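Read the following dialogue with the model open beside it.

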Amino acid sequence: MRGFVHTTDPVRVVFGTGTVNRVREEAERLGARRTLLLSSPSARSVGPVRASLGPLLAAEFAGAAPHTPVEVTERALRVLRESDVDGLVAIGGGSTTGLSKALAVRTGLPQIIVPTTYAGSEVTSVLGETENGRKTTRSDPKILPDTVLYDVDFTLGLPVAMSVTSAVNALAHAVEALYAPEVDHVSEDRALEAIALIARALPQVAARPSDPDARTDLLHAAWLAGTCLAAVGMGLHHKLCHTLGGSFAMPHAATHTVVLPHVMAYNAPAAGEVMRRIARVMGVDDAPGGAHDLIARVGGPTSLRDLGMAETDLARAAELATAHPYPNPREPDRESVEALLVDAWYGREPGASSRGGPGAAD
Ligand code: NAD
């Protein structure tokens with residue numbers, strides 16, 4: 001018998017379709033009588049949440065922004081205090097969840113999150129914030145949302161491009177969990193299930209974006225992958241994406257999508273068994289190549305250049321992402337990580353520069 005240690009974070013999860021009608025009931029369950037409804041300027045699904053909250057809605061703040069800028073949090077805090085709020089409700093992607101967490105850690109207020117992407121942040125006690133161009137991360141039990149209300153209906157209209165990048169963001173949580181030093185059976189099972197669901201459902205969503213079954217599978221996978229992110233530490237892939245997002249303002253999910261196959265190829269020589277298990281559940285021969293092909297097949301981004309990254313920033317990004325040691329199957333040395341980023345910048349096949357094959361020098 002293989003022993004293990006597993007911590008399950010106490011998040012109440014309500015999953016289904018039409019669950020938005022239960023926001024008020026969940027708020028009452030948490031003892032909230034005056035809630036602040038958070039969203040982003042481009043949010044489209046606020047109406048049904050507003051309607052569900054009814055008299056429990058005290059104020060709204062629609063200014064959530066990517067990478068949780070501290071100055072946005074401070075503006076939301078002023079609204080919160082002026083309105084004498086006793087609970088937070090957030091509808092949107094990881095950016096809106098981030099704002100809710102930033103307010104919760106400062107006030108201790110209970111949170112209900114209604115996620116509309118596959119980011120997974122809603123089940124973690126981790127908060128990344130940016131101030132003066134630097135992203136810092138912290139963890140605190142107050143950051144962990146109390147209730148997550150997944151409503152598949154809100155994801156039916158998530159544009160395909162965003163669905164693809166967000167689902168690969170979830171895929172990245174599952175992949176990196178599998179080679180985390182502290183991973184246990186529970187997280188392994190969840191990670192493999194999430195990968196299998198994403199590999200199957202993502203092409204279905206790309207072909208038929210409002211397919212309710214495929215959307216249910218993707219949202220289910222996002223939750224499973226999020227719990228992996230919450231349970232174990234992440235490796236090189238998350239470190240790189242964190243650096244590219246926080247220090248070079250790169251878009252979160254799209255950056256994950258470009259970088260993931262390259263990090264998988266980088267780690268493959270030191271994580272052979274993990275890559276074989278990933279390949280098996282994806283139904284492919286080779287995990288990094290399979291991830292790359294899946295992303296290309298559903299029209300996802302494959303090059304950092306196309307996402308607007310300057311080639312001259314690659315060396316600095318590699319330096320920042322390797323400045324401090326952290327667990328990763330293969331040691332991330334600055335030179336190899338820069339080569340990986342160059343591959344990702346040009347949109348080459350994963351592992352191209354380490355093989356030195358054709359296309360590695362273009
Ligand atoms: P996002 O929240 O910035 O959303 C991207 C865009 O999609 C926004 O314009 C949003 O309005 C729009 N959108 C969201 N849902 C939609 C829907 N259903 N239909 C149409 N448009 C919709 O992006 P994201 O990728 O969800 O989240 C990224 C942020 O989350 C980053 O700041 C990242 O650092 C953070 N994050 C944190 C954790 C954690 O555990 N702390 C985990 C994952 C992501």
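Predicted model: local features only at pLDDT ≥ 70, side-chain atom pairs only at ≥ 80, totals over all residues.

Q: What is the order of the strands in the open sheet?
A: Helices (H or I, at least four residues) and strands (E, at least two) are DSSP runs, numbered from the N terminus. Two strands pair if DSSP finds at least two bridges between them. Here 6 strands form an open sheet with parallel pairing, in the order β1-β8-β5-β4-β2-β3.

Q: Which strands stand at the edges?
A: They are β1 and β3 (57-61); each has a single partner strand, so one side of each is left without a neighbour in the sheet. For angles, axes are lines fitted to C-alpha atoms, for helices over the stretch in contact, and the values run from 0 to 180 degrees between N-to-C directions. With direction ignored, neighbouring strands of this sheet are turned by 15° against each other on average.

Q: How many bridges join β1 and β8?
A: There are 5 bridges, in the parallel sense. Gly16 has Asp151 in β8 as its bridge partner.

Q: Which way do the side chains of a strand point?
A: In a regular strand the side chains alternate between the two faces of the sheet. In β5, Gln111, Ile113 and Pro115 point one way, and Ile112 and Val114 point the other way.

Q: How many residues of strand β5 are buried?
A: Buried means under 20% relative accessible area, exposed means over 50%, and partly exposed is in between (1.4 Å probe, protein chains only). In strand β5 (residues 111-115), 5 of its 5 residues are buried.

Q: How does β5 pair with β4 and with β8?
A: Strand β4 (residues 87-92) pairs with β5 in the parallel sense over 5 bridges, and the bridge partner of Leu88 in β5 is Gln111. The pairing of β5 with β8 is also parallel, over 2 bridges. Ile113 stands opposite Val148 in β8.

Q: What do β4, helix α4 and β5 make?
A: A crossover is right-handed if, with the strands pointing away from the viewer, the path from the first strand over the helix to the second runs clockwise. β4, helix α4 (residues 94-107) and β5 make a right-handed β-α-β unit. Helix α4 lies across β2 (35-38), β3, β4 and β5, and runs at about 165° to β4.

Q: Where is Gly108, and what does Gly108 touch?
A: Gly108 is in the loop between α4 and β5, and is partly exposed at 45% relative accessible area. Contact means heavy atoms within 4.5 Å. Leaving aside neighbours within four places in sequence, Gly108 is in contact with Leu103 and Lys142. The C-alpha atoms of Gly108 and Lys142 are separated by 6.0 Å, although the two are 34 residues apart along the chain.

Q: How many aromatic pairs does the structure hold?
A: Rings of Phe, Tyr and Trp (its six-membered ring) pair if their centres lie within 6.5 Å; planes under 30 degrees apart count as stacked, over 60 as edge-to-face and the rest as tilted. The structure holds 2 aromatic pairs. In one of them, the rings of Phe15 and Tyr150 have centres 5.6 Å apart and planes at 45°, so the pair is tilted. Phe15 lies in strand β1 (residues 12-16) and Tyr150 in strand β8 (residues 147-151), so the pair ties together parts that are 135 residues apart in sequence. Phe15 is partly exposed at 32% relative accessibility, whereas Tyr150 is buried at 0%. Trp345 and Tyr346 form an edge-to-face pair, 5.1 Å centre to centre with 90° between the planes.

Q: Which charged ends sit over rings?
A: A charge sits over a ring if NZ of Lys or CZ of Arg is within 6 Å of the ring centre and within 35 degrees of the ring normal. Arg190 has its charged end over the ring of Trp223, 5.6 Å from the centre. The charged end of Arg330 sits over the ring of Tyr266, 3.8 Å from its centre.

Methods. Residues numbered from 1 in each chain as written. Heavy atoms only, no water.
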